[in-house]
Amino acid sequence: MNRFSLSDAILLSGLALLLVSFKAVVRLKLGLTGHSMFLLVLVYLLARGLVPQRGSVLYCGLMTGLLALIMGVGKGGPLVLLKFLLPAMGMELALLLLPMAPWFTAQALLVAAAALTVWVGKGALELWLAGADPALILVQSGWKTLGGGLFSILGACCTPMLLQRLAHHQLIPTHRQPQ
């Protein structure tokens, strides 16, 4: 992992804090599976768009998980760290192939699909470890894919527009924008 400058580390940690505090304060009880994937995908892609360096999404995911663990946000105790870190790992791997994904909608959708795949896989593994019936695991995975997929698509579609607006208002240095 590359070293981040102090300003980049503070920016990524601020994005992580934004994600955790939004989850803690709002606590949306929508009853919709996967609604947290909207903000997760949006913040992680924004992290990569603002700090276009390998490892920025992983750093943001680690900071988010640690903050959630410290603040007691989410269910799962110490395993809440994995809730934020595993999708970040999936996105980071996809960003190795598509480094400019936060700036382009089609690529952002592919990176969001990678995060969704890891997120659904984590849920299926949890159910399997709990001894759930394979049919239940399949149904739950399908339901999570449907709900999480919808919200992941929304988050991935919002990110390029947000980055372009920030760039238009000269809030992102030109050397960090795609040429």
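This is a predicted model: local features need pLDDT of at least 70, side-chain atom pairs count only at pLDDT 80 or more; totals for chains, interfaces and linings use all residues.
**Core**

I started with the largest nonpolar core, which has 46 residues. Met37, Tyr44 and Val111 touch the most other members. The largest share is from α2, with 11 residues. As background, nonpolar side chains in soluble globular proteins tend to be buried together.

Leaving out residues up to four places away in sequence, I got Leu45, Met91, Ala94, Leu95, Leu98 and Ala101.

**α2 against α3**

How do the axes of α2 and α3 cross? I have them coming within 8 Å, at an angle of roughly 135°. I noted the crossing of α2 and α3 as right-handed.

For the contact itself, α2 brings Val43, Tyr44, Ala47 and Arg48, while α3 brings Ser56, Val57, Cys60, Gly61 and Thr64. Sorted by class, that contact has 5 nonpolar, 3 polar and 1 charged residues. Tyr44 turns up again here, having already been listed among the core residues that touch the most other members.

**Gln170**

Last, I checked the backbone at Gln170. Its phi is near 60°, a positive value in a residue other than glycine. Most residues other than glycine have a negative phi. Where is Gln170 found? I located Gln170 in the segment after α6. Gln170 is exposed, because its relative accessible area of 71% is over the 50% cut-off.

Note on methods: Residues are numbered from 1 along each chain as its sequence is written. Side-chain values use heavy atoms; hydrogens and water are left out. A nonpolar core is a set of buried Ala, Val, Leu, Ile, Met, Phe, Trp, Tyr and Cys residues joined through side-chain atoms within 4.5 Å. Buried means under 20% relative accessible area, exposed over 50%, partly exposed in between (1.4 Å probe, protein chains only). Helices (H or I, at least four residues) and strands (E, at least two) are DSSP runs, numbered from the N terminus. Contact means heavy atoms within 4.5 Å. Axes are lines fitted to C-alpha atoms, for helices over the stretch in contact, and angles run from 0 to 180 degrees between N-to-C directions. A crossing is left-handed if the near helix is turned anticlockwise from the far one by less than a right angle, and right-handed if clockwise. Ala, Val, Leu, Ile, Met, Phe, Trp, Tyr, Cys and Pro count as nonpolar, Asp, Glu, Lys and Arg as charged, and the others, Gly among them, as polar.
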